[in-house]
Amino acid sequence: GNGWEAWPWVWLSCCLPAGKTMRIPNALPKDAAAVFSFDLMEMAQKCDLNDQVKQSMGQMMKSSLKGSADAWWTADGESGRERVETDRPGVLLCSFSDGNGRCAGAHGRQGKTGRLIKMLQEQNACEAPADGDGCRWTVGGGGLMAWTDDAFLMLAGDGGDPKDLQHQASMWLRQKEGEGYSGTPEFKKLEDADEDVAMVTSLNAMPKSYLGPMTMGLPADLNLNDLKIFSTLDFQAGKAVMEVETLLEGKFKDLLKKQAEVSGELDGTYLKVFPANTVCWMAANVNGEKAYELLRENPTVRQELDNSMMPLDFEAIFKAVKGDVALAMPEMSLKPGFILYADVKNGDFMRTFEDLKPMLAMTNGQMQLVDKGENAYQFVAANGAALGMGRGPVSFWLGVKDDRFYLTNQEDLIDREVKGLSLKDCDWAKDVKDKHFYLNVNFQALAAVLPQIPYVGMLDYLSIESDEPTKARIVLQMKDHKENVLKQLVQIVNN
């Protein structure tokens, strides 16, 4: 198949009763392509739901479950609040693609699992449970449910008889300590994480229809399981913070060494050239020569460079770049302008653009490259539709001035003077220097021009930064820096 429907995957969630040891990871398959862990109790406390919201959520759940839902839903005698009668400090979700099917599970007391199955059976949602190989199981909703005292699994195949998955379920449920995912180094990282959400994913978690284009040109002997991403998400006062770490083995380590040579540490050169209310700004420090060498190692890219219809000296262009490269959208409008700046060794490479003129002359004036001074051009297209950019005339300005390359769709952005505060005066600017990559999106600037979009004004900014090739940090900062971000998001939903 070529879509999510035909993607064999498995996910398992386990909810652990308070005070019970964590044995459920034994039931996770060792080759899991994606595992998620949630600290539900901590997240619930951070939401700080009031009684009215809790009551409305309770009524919604009761009305959707119907009938026997009251067996799971009780009243708290002391507070009078309604609650779901399960202690759930954490949830693990696991997915993988080995062709065996799909699976989901929940851990709880044996009695409560039985009550859940009974409720589903009364609603004709599943068959009567049967005894299996070390577990009980039933079929419903196109899938198979199997459970023991420690775990509850739900599996769904790719169109076959769900009863055929019973043997696979019993094998997972019988795994001992260290036999399943709990014996992997990735699980140790999940276990040690104290953030609200932690996850480990690999490329095998993606459908093959999406994976193919992403891995095109990479060495055929690369083991996709040698690349995993460990991420954590924490909801803090006024902001949500995600930390991302790439875990590499095998030949992926060799690729990383070459990629590390492409980027260096940012100087923050292009912070002072944009106003503080710039909508979006991103920057990286790039060694163009190393970038060109790395690109040519990919057979697909190398063929495109060698056989391009554009008569340009791509090697000279790349090798000229060395230092900070920044792309910015200073303001939001119906036709937002952008400008790219890059530190270059000199402007000699600009001579290669002269080679474009004979080719453009064959367009009978539909496209032109106009001289705008030394090492400066304006590219003009009578109809942007020919370039996939919409109908109407399109212009770009490019050039080199004072060893600084620029490319923009608005001429007045070139060397525009900053009046007042610049990006260098922003709170986050101090974090830019020595990073390998930095991006900032200013939601307050967006809110000023898009008041019709609700809740944008509650956000301050989004930043993505990387201080080494294998790590990144993403921060969503709210305008209210004191209230927990999860509570603020709940308020948005309830309003």
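N124 is exposed, with a relative accessible area of 73%. That residue sits in the loop that runs between α3 (110-122) and β6 (130-131). Its backbone deserves a look as well. Phi of N124 is near 60 degrees, a positive value in a residue that is not glycine. The model in which this is seen is a predicted one.

N375 has a positive phi of about 55 degrees, and N375 is not a glycine either. Its place is the loop between β17 (367-371) and β18 (376-381). N375 is partly exposed, and its relative accessible area is 23%.

Now step back to the whole chain. The protein has 495 residues, and buried ones make up 41% of them. Its secondary structure consists of 13 helices and 23 strands. Take the contacts with a separation of 6 or more: 64% of them join residues 24 or more positions apart. The accessible surface comes to about 26,500 Å². Carbon and sulfur atoms hold 53% of that surface.

Next comes a pair of helices. Two packed helices are described by the angle between their axes and by the distance between those axes. Helix α8 covers residues 288-296, and helix α9 covers residues 299-306. They pack at an angle of about 110 degrees, and their axes are 7 Å apart. Angles of 65 to 115 degrees count as roughly perpendicular, and α8 and α9 are therefore roughly perpendicular to each other. From α8, the contact is made by Y292, L295 and R296. From α9, the contributors are V301, R302, L305 and D306.

Follow the chain on to helix α12. This helix runs over residues 443-449 and includes L446. Is L446 buried or exposed? The cut-off for buried is under 20% relative accessible area. At 15% relative accessibility, L446 therefore counts as buried. Its neighbours within four places in sequence can be set aside; L446 is then in contact with V279, M332, V441 and V456.

The last stop is E265. This residue lies in the loop between β13 (263-264) and β14 (280-287). E265 is partly exposed, with a relative accessible area of 47%. Which residues does E265 contact, leaving aside its neighbours within four places in sequence? They are N285, D324, D434, K435 and H436. Take N285 from that list. N285 and E265 are 20 residues apart along the chain, and 5.8 Å separates their C-alpha atoms.

Terms used. Residues are numbered from 1 along each chain as its sequence is written. This is a predicted model: local features need pLDDT of at least 70, side-chain atom pairs count only at pLDDT 80 or more; totals for chains, interfaces and linings use all residues. Side-chain values use heavy atoms; hydrogens and water are left out. Axes are lines fitted to C-alpha atoms, for helices over the stretch in contact, and angles run from 0 to 180 degrees between N-to-C directions. Helices (H or I, at least four residues) and strands (E, at least two) are DSSP runs, numbered from the N terminus. Angles under 35 degrees count as roughly parallel, over 145 as roughly antiparallel, 65 to 115 as roughly perpendicular and the rest as oblique. Contact means heavy atoms within 4.5 Å. Buried means under 20% relative accessible area, exposed over 50%, partly exposed in between (1.4 Å probe, protein chains only). Accessible areas come from the Shrake-Rupley method with a 1.4 Å probe; for residues, only the protein chains shown count as cover.
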